[in-house]
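Take a look at the sequence and the 3D view before reading on.

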Amino acid sequence: MTIFLLLLALIIFHSLTLAPQGQFQKEYISKSTTANIKGIFVILIFFSHYTQYVTLNGPYDDAYLALRTHLNQMVVVMFLFYSGFGIMRSIQKKGQAYIRSRLPERFRKVWLQFAAAVLLFLITGLFLGKKFTADHVLLSFVGWDSIGNSNWYIFDTLIAYILLFLAFLIFPLPLKSRKAQEHPLETEKPKDEPSQYLGCAAFTVLIILFIYVMMAAGRSRYWYNTIFIFPMGCWYAIFQERIEKLIMRNDFWYVLCVLVNTVIYVFSYERRWTGGIEMYTVWACSFTAMIVLFTMKCSVSGNLLSWFGQHVFSVYILQRIPMMILDRLGLAETHKYVFLILSFLITILMAMLFDEWMGKLWKKIRSKN
């Protein structure tokens, strides 16, 4: 398995560009850059899910298993961070109109994609001879239960959208002019509206409450131990310019910030399981900051990583279907690396078809509305 990890590392380092001394990657949080970072992590998620179907005990598996154990849930934090950042940026540019219309639309689109994927899992499960109760299936369509699909991340994302919507209903932003909504880049930079701080603070409090509710409900740790990174992305959008002025002042300040974050990372990592959800959250925030700091100096590009970053949802949600079928055929036990390669290729094909089909369906729905 480590060989496949090395192939991913070679792809990353082959496309790595380091900013000159005293300079920084100004596009470190642009859509193209974040797509490449998301591409790396969705591939790591694929590797992680693959290990749930096979037994890895060979001499070339130890390095990957050590990395997987170290990362734990950190493979998903950048998706949460970039989502929070992107949504907050849209709120700043488009104001309350985004909260009222675009955020609910985004919720509907994600749920529709998820529901379509769950339907595919239902068909696959029935084809493989599995039986499901009606309540099991219904709860799967809202992400609370699963019929073989990954569900907790989508459930958390949808809840985050709802809580963000509620937060900015309580503390609404001023309505932007139509020109500002339709051409946000042609207008002045978002004003420092007090309501954005109040709305983001309310959202953060609601997320914290959600975490403790999930703990009280007895859900596994992975259901809630990274969701705080979503509001972290929102706060970063608000304070981005001030943070960049500090870190990107010169290389000395950059290195100092890296060292401080490294100390926090090591301290929180060693206490992530003994310090409760609070210390795990500190570790997750520190890991996220480490990736952001890395991208400020190093740019990762490449068609392969970019493609995966642009198809994160479909790759993430569909990858278990070929794994389930190939596992039933016995490949996971007899030819585990053939199982990996075939699952990877079939996932790519399914993701392409799924995104094309869902794109056409969503256009029809929007045109009717």
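Let's start with a charge over a ring: Arg272 lies over the face of Tyr269, at 3.8 Å from the ring centre. Keep in mind that what you're looking at is a predicted model. Arg219 does this kind of thing too, sitting over the face of Trp144 at 3.6 Å from the ring centre.

Tyr269 also belongs to a cluster of aromatic residues. Ring pairs join Tyr269 with Phe41, Tyr265, Trp273, Tyr280, Trp283 and Phe287. If you go through the model for aromatic pairs, the count comes to 32.

| Ring pair | Distance between centres | Angle between planes | Type |
|---|---|---|---|
| Phe41 and Phe287 | 6.2 Å | 75 degrees | edge-to-face |
| Tyr265 and Phe287 | 6.4 Å | 35 degrees | tilted |

Why is the pair of Phe41 and Phe287 called edge-to-face? Their planes are at 75 degrees, and edge-to-face is the label for planes over 60 degrees apart. The planes of Tyr265 and Phe287 are at 35 degrees, so that pair is tilted instead.

Phe41 is in helix α2 (residues 31–50) and Phe287 is in helix α12 (residues 276–297), so their pair links distant parts of the chain, 246 residues apart. Tyr265 is in helix α11 (residues 251–270), and its pair with Phe287 in α12 ties together parts that are 22 residues apart in sequence.

For α2 and helix α4 (residues 77–94), the angle is about 150 degrees and the axes are 9 Å apart. That makes α2 roughly antiparallel to α4, and their crossing is left-handed. On the α2 side, Thr34, Ile37, Lys38, Phe41, Val42 and Ile45 take part, meeting Met78, Phe79 and Tyr82 in α4.

One last stop is a loop. Asn225 is found in the loop between α9 (194–216) and α10 (229–247). Asn225 is buried, with a relative accessible area of 4%.

Technical notes: Residues are numbered from 1 along each chain as its sequence is written. This is a predicted model: local features need pLDDT of at least 70, side-chain atom pairs count only at pLDDT 80 or more; totals for chains, interfaces and linings use all residues. Side-chain values use heavy atoms; hydrogens and water are left out. Rings of Phe, Tyr and Trp (its six-membered ring) pair if their centres lie within 6.5 Å; planes under 30 degrees apart count as stacked, over 60 as edge-to-face and the rest as tilted. Helices (H or I, at least four residues) and strands (E, at least two) are DSSP runs, numbered from the N terminus. A charge sits over a ring if NZ of Lys or CZ of Arg is within 6 Å of the ring centre and within 35 degrees of the ring normal. Axes are lines fitted to C-alpha atoms, for helices over the stretch in contact, and angles run from 0 to 180 degrees between N-to-C directions. Angles under 35 degrees count as roughly parallel, over 145 as roughly antiparallel, 65 to 115 as roughly perpendicular and the rest as oblique. A crossing is left-handed if the near helix is turned anticlockwise from the far one by less than a right angle, and right-handed if clockwise. Contact means heavy atoms within 4.5 Å. Buried means under 20% relative accessible area, exposed over 50%, partly exposed in between (1.4 Å probe, protein chains only).
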